[in-house]
2 protein chains.
Amino acid sequence: MVISSEKLLSSIGEFGLIKFIKKNNTKALKEHSVKLDIGDDCFVFASAKDNRYAVTTDIIIEDIHFKTKWSSPEQIAKKAVEVNVSDIASMGCAKPLYMFVSAGFSEKTTAAFAKKFFRALKKSCDKYSIHISGGDTVKADKLTVSITLIGICLSDPVSRSGAKESDIICVSGLFGDSGAGFDILNSGKRILKQHEKKLVKKHLEPEARLDIAYKMFQNNIKITSMTDSSDGLLKSVELLTSDYKKGAVIYLDKIPVSNELSEFSKKDKRKIYHYALNGAEEFELVFTIAACDKIKLQKILPSVSFIGSVDNSGKIKYCDKGIKTEIKYDGFKHF
Amino acid sequence: MVISSEKLLSSIGEFGLIKFIKKNNTKALKEHSVKLDIGDDCFVFASAKDNRYAVTTDIIIEDIHFKTKWSSPEQIAKKAVEVNVSDIASMGCAKPLYMFVSAGFSEKTTAAFAKKFFRALKKSCDKYSIHISGGDTVKADKLTVSITLIGICLSDPVSRSGAKESDIICVSGLFGDSGAGFDILNSGKRILKQHEKKLVKKHLEPEARLDIAYKMFQNNIKITSMTDSSDGLLKSVELLTSDYKKGAVIYLDKIPVSNELSEFSKKDKRKIYHYALNGAEEFELVFTIAACDKIKLQKILPSVSFIGSVDNSGKIKYCDKGIKTEIKYDGFKHF
């Protein structure tokens, strides 16, 4: 891929950048092998006699990814951990082990703030038995948290690329709450109704679905492809299908949504589907299985929903209660 | 350590934070062992049947660690890589393998800038056969580059803690140039003399000393402790000695300095020593060896200088041409 010099970076986007890096990446790894390369949820490497390690990294910056007037230091720390655990969960078989935290604090940051932040970071890490293994603390105008998390793969990692025609698209939980919560926060509204508070909480305190990944791994559910929905459900489906010249039909009425989102959207289906498809930072698992594994999965994890199927069309199409619909939805963009 | 809530974070500092994190860190790593914990140049882990991996992470932020009016995108990328390779070099026996890059770009960033940045990043990685393995690209007000680098240890990693009484303190190169270069840039001076240009280049384009580390490793030089001088020579000596209740005598006149620094300092010894001891971001190796290994090292690496010795005093003292001196020098602080 050639990146034209006149363009703004925004015209290329994150995925364009990954392609640019991937091309001509150094291959001088004779004694090591890359099991899963850049561009998936984690990078996985191993040496001949080694375990396989999954690595993921994420960075969040004040006023871009969070606001200190919305989030407590505890919520910022928790979200930073969960976001990375979510990528490890996407491997299907990985256990998080070591976390590296680079934090940029402003000169005005109080010890109390930093203490609350690191206590919450530890608490979130303890929940997953993660060891805080290193980091860097620097001055910054805006609070900046960059985390790298290393996990160990207990089996073959599940990549984004394995979906096959007629595979079923599954999701681990509800969609749209986080996006709606973000819009509520962004509206500046001060006094929130009960359902609005719940949506805001979903945005500020997401939870990775490592539990779901483990349960499927322990029960030998054969997952053909998987990612997490950090950039929204639609983007996740694209990552598993159209990125590999596959297509999908999404059954809009099968996407699980909360009562709170319905109430917030005043039962306007277009609004509900908009949040469910495009709302970012949900951190649910989006994955595919062969049709023959559906009943087994349903038994083990009744909370999993089946929201679509894979085809060879190269496009994402929508169906609402069996009827094709032509609505156009856009994914979340980083730039 | 208890962090009092009223204090500003700056009163605790980076090393106080590391202590805070280290305390009560999760120990739930049954199948894995930590070979070198948080607080050293790298974190090193291994499983029973595994290779040992060294991991380091660093974050640099525009207007804090660099300015785009001073540094080209190529220089920013190169420095970000070299800083991390320098930590891997500090392990004495580690080869860098996998790099994870999180980059925050402003909305105004052009594709040309990003292209130059990532091309230079690749070029720097190629120099060390490093594979760019993952990352995250996000929006940011200020250009932010967070790198995590994983290396493999070819033998036991050298920690900061092994210096013994009467060990000799060694350095891999010149000191003070980077600090002087920074001051020249900061002065806003537009037309630079030849020696000033060279000092500025040393600040903007540092080089990690992986070559020196390798040569010592290949020649079985027994290094008792090592770190890199990212926070200045004085801080490095403290990290190897007073942090472990050891002390040191530094022979000021033995610290190697460049002709350019002498010229810039107008041969004022106090100024030269100030830059040599406190100038940060030099990325030379500072290490200790047993006195009996001095001749062997001198033969293999004539460029290495012997600038002091370790004692049990718990303090850092200075000697200038054999005469004790009481000058007080302060290290570089992140906050």
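**View 1. An open sheet of 7 strands in chain B of the predicted model.** The strands of chain B follow the order β8-β10-β7-β11-β9-β12-β13, and their pairing is mixed. At the edges lie β8 (223-228) and β13 (323-325) of chain B, each of which pairs on one side only. From one strand to the next the twist averages 30°. Strands of a sheet pair through backbone hydrogen bonds, either parallel or antiparallel.

**View 2. The pairing of β7 with β10 in chain B.** Strand β7 (residues 168-171) of chain B runs antiparallel to strand β10 (residues 285-289) of chain B, and 4 bridges join them. Within this pair, V171(B) stands opposite V286(B) of β10(B).

**View 3. Strand β7 of chain A, with β10(A) and β11(A) as pairing partners.** Strand β10 (residues 285-289) of chain A is antiparallel to β7(A) and is joined to β7(A) by 4 bridges.

**View 4. Helix α5 of chain B and its cover.** The helix spans residues 194-204 of chain B, and its buried residues are E196(B), L199(B), V200(B), K202(B), H203(B) and L204(B). Among the elements covering these buried residues are α2 (73-89), α4 (177-187) and α8 (259-264) of chain B.

**View 5. The packing of α4(B) against α5(B).** The two helices pack at an angle of about 110°, and their axes are 7 Å apart. Angles of 65 to 115 degrees count as roughly perpendicular, so α4(B) is roughly perpendicular to α5(B). On the α4(B) side the contact is made by D177(B), S178(B), A180(B), G181(B), F182(B), I184(B) and L185(B). On the α5(B) side E196(B), L199(B), V200(B), K202(B) and H203(B) take part. Sorted by class, this contact has 6 nonpolar, 3 polar and 3 charged residues.

**View 6. L121(A) in the largest nonpolar core.** This core has 184 residues, of which M99(A), L121(A), M99(B) and L121(B) touch the most other members. Apart from neighbours within four places in sequence, L121(A) is in contact with A77(A), V81(A), V101(A) and I132(A).

Technical notes:
Residues numbered from 1 in each chain as written. Chains lettered and ligands numbered in written order. Predicted model: local features only at pLDDT ≥ 70, side-chain atom pairs only at ≥ 80, totals over all residues. Buried ≥ 20, exposed ≤ 12 C-beta atoms within 10 Å, placed from the backbone. Contact = placed C-beta atoms within 7 Å. Core = buried A, V, L, I, M, F, W, Y, C linked by C-beta atoms within 7 Å. Axes fitted to C-alpha atoms, helices over the stretch in contact; angles between N-to-C directions. Parallel < 35°, antiparallel > 145°, perpendicular 65-115°, else oblique. Nonpolar A, V, L, I, M, F, W, Y, C, P; charged D, E, K, R; others polar. Pairing = 2+ DSSP bridges.
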